[in-house]
Amino acid sequence: MAREISSVGVIGLGTMGAGIAEVLARSGVSVVAVEIDDDGVHRGRGHLEHSTERAVSGGKLDADGRSALLDRIRYTTSLAELSDVDLVIEAIPENLEAKSDVFAQLDKITGTDTIFVSNTSSLSITEIGVHTARPGKVVGMHFFNPAPILKLVEIVRTVVTEPEVVTDVVAFAERLGKTPVVIGDRAGFIANALLFGYLNHAVRMYEQRYATREDLDAAMRFGCGYPMGPLALLDLIGLDTAYEILDTMYHQSRNRLHAPAPLLKQMITAGLLGRKTGQGFYTYDEPDSPTVTDAVTASISDTATAREVRKVGVVGTGTMATGIVEVFAKRGYEVILRARSAEKAAASVARVKKSLDKAVVKGRLSEEDAAAALGRISPAVEFEELADVDLVVEAVAEDLAVKQAVFAALDDVVKPGAVLATTTSSLPVIECAAATSRPSDVVGVHFFNPAPVMKLVEVVSTIATAPDVIATVDAVCAAVGKHPVHCGDRAGFIVNALLFPYLNDAVKMLEAHYAEADDIDTAMKVGCGLPMGPFELLDVVGLDVSLAIQRTLFNEFREEGFAPAPLLEHLVTAGRLGRKTGKGFKDYSAR
């Protein structure tokens, strides 16, 4: 039976420590809150009063409940006042020496059964615990910010942590209304080990001027459903905190992908730490404010005049092609759908009709508008029927030779000045452009599946793409209700280049037996607010598709950390491709 924990000490009342104290007091626990001096106590009390005041105004707490919560917290500047608590949570800054010193002092003050907890997000619990005479009573309890809202708590056991201590802490976390995940002691634990590699990669993209901060953030929000983009999230976390976590991870893993991007160090040196200082990747109206005040980064298309687009051609009959046809037809464009045969063309138009009918049934589209959209679609078999389109979108199979043949055919028949676009998600756009005599008119326009639903479009410019072509695609995206983001012509563009190394890292974590697939999925969904865990997502995408993308990234960048995880390769070889085969990382056959 789990031990009853009724009194808890919290050391450090920064944003995280104050949040933990609030969580504890809200659950009826008596809290002794310790800060280094009176100013620290004043700041910590201010954090708590402000946070609980917002909870009252948001209807999540009533005035009496707030008063009772605050009454359960006693403030002090003396560690000696923790002598009678059942458990102590340390939440001071990420410095091993400072944390170790606190635990060494607690060893002399508290009872022998008191459990010592560190909220560190990256440091070794084992190294902290050896500074006490009771390493078996030391455990990590990593809350996520903001602690009163986020449910995940990573419970980190060392090789000497007593099993009953883990049991007690897990039960305590559940009593607080949290979702605990028990893991071993390694840098970054689950969530940060996966999250910060992705964040660091985004910083490197920005540092290389591959994409703007707005486009990087919008790509992950609209393309993956993430609650925040990577650079906005770094501003929220604090660039100094992110640097320390990455540096710690790198010194343990020696993985170059964890080595902090040089830009982070430069920004920290300049005092640009993110929201807490009022400026990081973005500028805010005041320190600790979420309101961005600086201007949006200029785009290439801002200084170019868009070409007129009235008629659109779409080449292909698959899911993506028919989705794109529907997008344009619903927004008033005349669309020519080119297929290899009249039968395939008719079948594709029928699929568009079925989708439009479904939208009518769900009340998203009137019968009149659906009929009008369908009436704008003309099936075609010959390339010559695309002769007078203003924009043609190629959406055939991801095979470079096939795409090049399409572009060569389009080059022969489509009028001068028409924009030629490819929806490729992984192949070099310049290779398609090279099959034409007009590479300046060729651009990547990567829609996301399902095209009628997903807002994001990656607009990929090659070294030859003309600025007015980018402006044209931007204008068309705006006209059909899509959000364009811009990037250069390299493997993965933005979304896949950021997403798939993170997914690959999750597979490596699983094959190292560090955590179970369900726990990793829970950590990323509950701790980071992601719509799906990495293994759920891999099974949906298809393990064969995921492996092909990861191989493409590795072959382009030759980055050791991008090498596909052996477990991913083995599952594909075994025919376990995810939901489409009934088995992947999880078994769907009995569901």
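The model is a predicted one.

**Backbone exceptions**

Most residues other than glycine have a negative phi, and most peptide bonds are trans. The residues below depart from that pattern.

Start with the peptide bonds. Asn145 and Pro146 are joined by a cis peptide bond, with omega about 0 degrees. Pro146 sits in the loop that runs between β6 (138–143) and β7 (152–156). A cis peptide bond also links Asn449 to Pro450, again with omega about 0 degrees. Pro450 belongs to the loop between β14 (442–447) and β15 (456–461).

Next come the phi angles. Asp288 is not a glycine, yet its phi is positive, at about 70 degrees. Arg558 is likewise a residue other than glycine with a positive phi, near 55 degrees. The loop between α11 (262–269) and β9 (311–315) holds Asp288. Arg558 is placed in the loop between α21 (543–557) and α22 (566–573).

Are these side chains buried or exposed? Asp288 counts as exposed because its relative accessibility is 60%, and exposed means over 50%. Arg558 is exposed too, with a relative accessible area of 62%.

| Residue | Relative accessible area | Class |
|---|---|---|
| Asp288 | 60% | exposed |
| Arg558 | 62% | exposed |
| Val130 | 55% | exposed |

**The second largest pocket**

How much space lies in the second largest pocket? The volume is about 1200 Å³. Its lining has 40 residues, and those closest to the centre are Ser425, His446, Asn449, Val541 and Val545.

Which elements build the lining? At least two residues each come from α8 (213–224), α12 (319–330), β14, α18 (495–511), α20 (534–541) and α21. The largest share belongs to α18, which gives five residues.

Val130 lies in the loop between α5 (125–129) and β6. With a relative accessible area of 55%, Val130 is exposed. Ala342 is 212 residues from Val130 along the chain, and their C-alpha atoms are separated by 75 Å.

Terms used
Residues are numbered from 1 along each chain as its sequence is written. This is a predicted model: local features need pLDDT of at least 70, side-chain atom pairs count only at pLDDT 80 or more; totals for chains, interfaces and linings use all residues. Side-chain values use heavy atoms; hydrogens and water are left out. Helices (H or I, at least four residues) and strands (E, at least two) are DSSP runs, numbered from the N terminus. Buried means under 20% relative accessible area, exposed over 50%, partly exposed in between (1.4 Å probe, protein chains only). On a 1 Å grid over the protein atoms alone, a cavity is a set of points where a 1.4 Å probe fits but cannot get out, and a pocket is an open set with protein on both sides within 12 Å along at least five of seven lines; lining residues have an atom within 4 Å of a point. Grid points are joined across faces, edges and corners, and a volume is the space filled by probe spheres set on the points.
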